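My notes follow the structure.

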There are 2 protein chains.
Amino acid sequence: MCSGQEKGFCVTNHPIISLDAMGGDDAPEIVIQGAELALRQYPRMKLVLVGDEQRLKKALGQTAFARSIDIIHADDMVMPEDKPSQALRNGKNTSMWQAIKLVADKQADAVVSAGNTGALMAMSKLQLRMMEGVTRPAIAGFFPTISGSGCMLDMGANIECNEDNLVQFAIMGSAFVRSVLNREQPTIGLLNVGAEEQKGFDYLRVAAQILSSDKLGLNYAGFVEGSDIGNGTVDVVVTDGFTGNVALKTAEGIADLFQHSLKTSFSQTLLSKLAYLAARPQLRRVRSLLDPRAHNGAVLLGLNGISVKSHGGTDGFGFANAIHVAVEMIEHGFMPEVSQTIAEANPILEQEKGKGDE
Amino acid sequence: MCSGQEKGFCVTNHPIISLDAMGGDDAPEIVIQGAELALRQYPRMKLVLVGDEQRLKKALGQTAFARSIDIIHADDMVMPEDKPSQALRNGKNTSMWQAIKLVADKQADAVVSAGNTGALMAMSKLQLRMMEGVTRPAIAGFFPTISGSGCMLDMGANIECNEDNLVQFAIMGSAFVRSVLNREQPTIGLLNVGAEEQKGFDYLRVAAQILSSDKLGLNYAGFVEGSDIGNGTVDVVVTDGFTGNVALKTAEGIADLFQHSLKTSFSQTLLSKLAYLAARPQLRRVRSLLDPRAHNGAVLLGLNGISVKSHGGTDGFGFANAIHVAVEMIEHGFMPEVSQTIAEANPILEQEKGKGDE
């Protein structure tokens, strides 16, 4: 059941999710595979594939899930190399635009796309518009940690942020983790170059001071450092989009480095290949724990609708996880919760900022 | 032989390195162990231990290396929790201050300390002073990559940087990698949130334009992203101290996460413990490839002297590696090279900036 339907946040009492069927390196195949995997887990939802109707019909075939999947035709598609401005100008007939439009027109509760990130952000912002009271939208996503998984935002929507933006990111990130990871009072950390109060930029210190206020009701844990991301020290890591993007990609690069080193090391000699056979279950376990596909699904928070970005290079399993994120947000009432929290927090934010100026 | 001696850059024709014997979690033991390991590799150098004379004499004992090691007494030591300003005010009798002083007084070619980073930076800047023409010093360090190892700067000396700073970091980083990693024409990348020209902050685009100039003679490879750090796409990653610090610590955290996952995975059942025995040589190989101790030794570049920071939690092996970095810089003439390059580059930098303004 969709929580929030009574307040007009859900289209029906079952989630309806529109999928940009043509976005992603291996679209539409991975989108269809992902749709089927997701439907196996949530048979009660409805999926709408937006894209080349003939191709989609052929690929979908006579699967058992065909009647839970609608197809809407779109002539065109956004290309990976398109600039956001280009996509906005010429993109009205693309599968991405049309998939987002279903959410804007209240015919779907969320959109999922593995296509061009910049275009998805620009089209989502334009069609869904900013949520009342939100100063900047932010991209939030998950990553693996020693304690399970954590969330970071902003991962690249805004390269520069001020204290207001960061405080709102904390509020939105907290609601996001509550929805998707089912953690009641997520802990929040502000990414900095040291845990000491005097470290970093002025706007970080002001944001820290506001976040510490009891009135906001957030579980603020203080400054965190880069190493706290992997350690899972907090549930939500709040930062500007430049730093968040670099941190996320640095983590991906180091994960690749590890996988590469393991592979090289276990394939050098006959003996090491035999050792691999012995250790395969354990090595696979580590790989799956740290599998980026299991943490797929970055969400553009702060808009009047749910827009989920799947990794472009993902497979069906990863795409299903991105759909999973959308379903959790819908079912746990992310939209009504975050809009209410922002409305309540903004006056407190102003008040607390005023204190700092005195 | 110390290259650069004829220009007054080296004290004698063999490297003399002063060691802050009291800095680091397990000092002075790790410093003495590191000194002995380093002397085994470079028997021709001279080391000066600065710290509690009685304790050092006792710890040093009658080792074979005792005659290559001098001891200079210092009453006091910088504590890990001391603020840089505090350390500067009250620190004249500390082992750190006295160890740096030997370099300032031209009695040593480099100083190595595993103590408080902020204090080492502040004391090094004050005593060694900025190199002529350098606008900001930067902390440079190494990290493991798929292709071996790379260098990043700034890793935390300046949280905010402009285009001039970044261009100078590129020049200093290039000379640093040439000295320590023996790469003739190191490739340089500017850390950004995308490889496209229009991405990121204005000062990044201006820096990129200057770095592209043939006149500077740098091997500039363009913008790089966080994932390029682990991939080893370039030899030198140039960034501001805030981003560099977050990226470095994020990488450390993800490395910890991997080690932790491997450990957990191989210790769950009797069978997985047996698998560990089979795979131990390969797993050890991966661990040693990615061993942070092997990449120990961050250097404060841009001063009139070499000041190397060892990781505070390192052991003797890691400390020896930090000494190794200092020796390579001395023997490959880092100081004369970087001062000459900066002097030659500054007029070109001004010229190229002018072009952008027109």
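I looked up A:Asn321 and found it in helix α11 of chain A, residues 316-331; helices are DSSP runs of H or I with at least four residues, numbered from the N terminus. The model is predicted: local features need pLDDT of at least 70, side-chain atom pairs count only at pLDDT 80 or more, and totals for chains, interfaces and linings use all residues. Residues are numbered from 1 along each chain as its sequence is written, chains are lettered from A and ligands numbered from 1 in the order written, and side-chain values use heavy atoms, leaving out hydrogens and water.

I noted A:Asn321 as buried because its relative accessibility is 17% (buried is under 20%, with a 1.4 Å probe and protein chains only). Beyond its neighbours within four places in sequence, A:Asn321 contacts A:Arg293, A:Ala294 and A:Asn296 (contact: heavy atoms within 4.5 Å).

Next I checked helix α6 (residues 163-181) against helix α11 (residues 316-331), both of chain B. Their axes come within 8 Å and cross at roughly 105° (axes are lines fitted to C-alpha atoms over the stretch in contact, with angles from 0 to 180 degrees between N-to-C directions). I therefore logged α6(B) as roughly perpendicular to α11(B) (65 to 115 degrees). On α6(B), B:Phe176, B:Ser179 and B:Val180 meet B:Val325, B:Glu328 and B:Met329 of α11(B).

Last, I took helix α9 (residues 241-266) of chain A with helix α10 (residues 270-289) of chain B, whose axes come within 9 Å and cross at roughly 140°.

Methods: Helices (H or I, at least four residues) and strands (E, at least two) are DSSP runs, numbered from the N terminus. Buried means under 20% relative accessible area, exposed over 50%, partly exposed in between (1.4 Å probe, protein chains only). Angles under 35 degrees count as roughly parallel, over 145 as roughly antiparallel, 65 to 115 as roughly perpendicular and the rest as oblique.
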